[in-house]
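I opened the notebook to write down, entry by entry, what I looked up in this structure.

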Amino acid sequence: MSQFGDPNPTHHPFKLFVSRATDHLTKFFKWAVLITLLASLSLVLYSAFTSPTAWFPCPDYHALTPNTTPTPTHLFNETRNVSIGPTNISHIVFGIGGSRNVSIGPTNISHIVFGIGGSAKTWAHRRRYSELWWQPDVTRGYVWLDERPGRRTTSPGKSPPYRVSENWTRFKYSSSQPAVRIARIVLESFRLGLPDVRWFVMGDDDTVFFTDNLVSVLSKYDHHSMYYVGGNSESVEQNVMHSYEMAFGGGGFAISYPLAAELVKVLDGCIDRYYYFYGSDQRVWACVKEIGVSLTIERGFHQIDVRGDAYGLLAAHPVTPLVSFHHLDSVNPLFPGRTRLESLQTLIQAYRVDPVQTLQQSFCHDRKRKWSISVAWGYTAQIYPSLLAEKDLATAMLTFKTWRSWSDGPFTFNTRPMESDLCQQPIIYFLDKVEEVGQGQTLTTYKVNLGKPQKKCGSSITAVQRIAVLASKMDPQELVEGPRRRCLEIGESLKRNTMRVRIRSCKR
């Protein structure tokens, strides 16, 4: 045996094996660390762009009731296939409501499905209201009845087609069983699986919708998000009894598709939980509230929870598009000397010429004569025998009472009492004629409605028999984005007992 060690130890077989094994282990750990980092990064990116419920499913916060049918999990899985062509861009969405083609672009009337609550007994009389605004082959939806109506009850091609509601007698209720049926209309409408739906709009069989303005209002909102849009009651007592956060169903309310998709999952069980509520709209509101969505108020939805003469309310309409009317059988006809139906036909005649400007109020002062002039376009004009402040002209005259107690208030808006002195009250004019003149211009004429007592006042205003109003048509964006009241200009002199005024956009 040599007395000296091997000068090249790597030539030793055992040591050579250990050295090579160490190199392989080092490379293995480096690759393992790299793969782990890549996997972690992939997980983070996947979690960021997919629903977290795919990773950590949470149980629904509503326990299933005996009336609730569990929905198969696969129906909630949503896939999207984007198809882009030269003239059409659409999504194909599959979900609980079935497949639907979702177009891309501004909201229009074809994106809305109406669900009208009615009954076989009331539809024969009330369908005339729906016939005023329903457009066959344009508007979509159904009136939902409790049973099949008689042949003479329906008017195919003029009013919404009907459907009979599903068995709704299985649900609990305390006072109003029909309210349960009507509350489920949004569910039954959703389950129809109609294509290209962005909004479900609910109303009663005596609701009158102004659909062009409805589209303008809903276009403000992202229909991919959850929205519950509508209006309160005009009478405080009604809001206190039900809720300020509830959209009153007679005035109509809109539910976006994503909210409807969530609502149908829980609605039946929710209806049973709130069996003690009176109205269908209150049940829907409570269920929407459980989902975590609050009411978005639009003041153009009119429940008209008032009694008597709604004139003062409409003559000082808020600066927002007119969307709906309700309870018209419970107030005086809107125009004197005409029936309720004839009054609506007159107003709608103006609405079809300039939808957004309908009922929009403008006013000015004739300082020489010390008059104040107000025009609610398409409906009425007023001349006051004194100079009133703008805040007073924009405040509704108290020509009506509260809905339940028939008292002078309170209301959810400011009012001012009528002058006790007849000679200080305004001379009122009602729409007599509407026409289009020139490009983008309208000419409306308002005829005096002078009572005998006012004739005795001897005011020089009585010489004004008509008011002719020239106006440019209003772009919906004027009231949707930064709404501002339009301005009114008065002509220098009267011609043939006619006052001439002009409505224009105010100078900024």
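I begin with a term: a residue is called buried under 20% relative accessible area, exposed over 50%, and partly exposed in between, with a 1.4 Å probe and protein chains only. The model is predicted, and local features need pLDDT of at least 70, side-chain atom pairs count only at pLDDT 80 or more, while totals for chains, interfaces and linings use all residues. Residues are numbered from 1 along each chain as its sequence is written, and side-chain values use heavy atoms, with hydrogens and water left out.

Entry on His-327. I found His-327 in the loop between strand 13 (324-325) and helix 10, where helices (H or I, at least four residues) and strands (E, at least two) are DSSP runs numbered from the N terminus. His-327 is buried, with a relative accessible area of 13%, and has a positive phi of about 60° although it is not a glycine.

Entry on Leu-359. Leu-359 sits in the loop between helix 10 and strand 14 (361-366), and its phi, near 70°, is also positive in a residue other than glycine. Is Leu-359 buried or exposed? I noted that Leu-359 is buried, with a relative accessible area of 1%.

Entry on the peptide bond. Gly-409 and Pro-410 are joined by a cis peptide bond with omega about 5°, and Pro-410 lies in the loop between strand 18 (400-402) and strand 19 (415-416). For background, I recalled that most residues other than glycine have a negative phi, and most peptide bonds are trans.

Entry on the core. A nonpolar core is a set of buried Ala, Val, Leu, Ile, Met, Phe, Trp, Tyr and Cys residues joined through side-chain atoms within 4.5 Å. The largest nonpolar core has 81 residues, and Tyr-379 is one of those that touch the most other members. Not counting residues up to four places away in sequence, Tyr-379 touches residues including Tyr-311, Leu-359 and Tyr-446, contact meaning heavy atoms within 4.5 Å.

Entry on two helices. The axes of helix 2 (residues 120-133) and helix 10 (residues 340-353) come within 10 Å and cross at roughly 10°; axes are lines fitted to C-alpha atoms, for helices over the stretch in contact, and angles run from 0 to 180 degrees between N-to-C directions. Helix 2 and helix 10 are therefore roughly parallel to each other, a label for angles under 35 degrees. In helix 2, Arg-128, Tyr-129 and Leu-132 meet residues of helix 10, among them Leu-344 and Ile-348.

Key:
Parallel < 35°, antiparallel > 145°, perpendicular 65-115°, else oblique.
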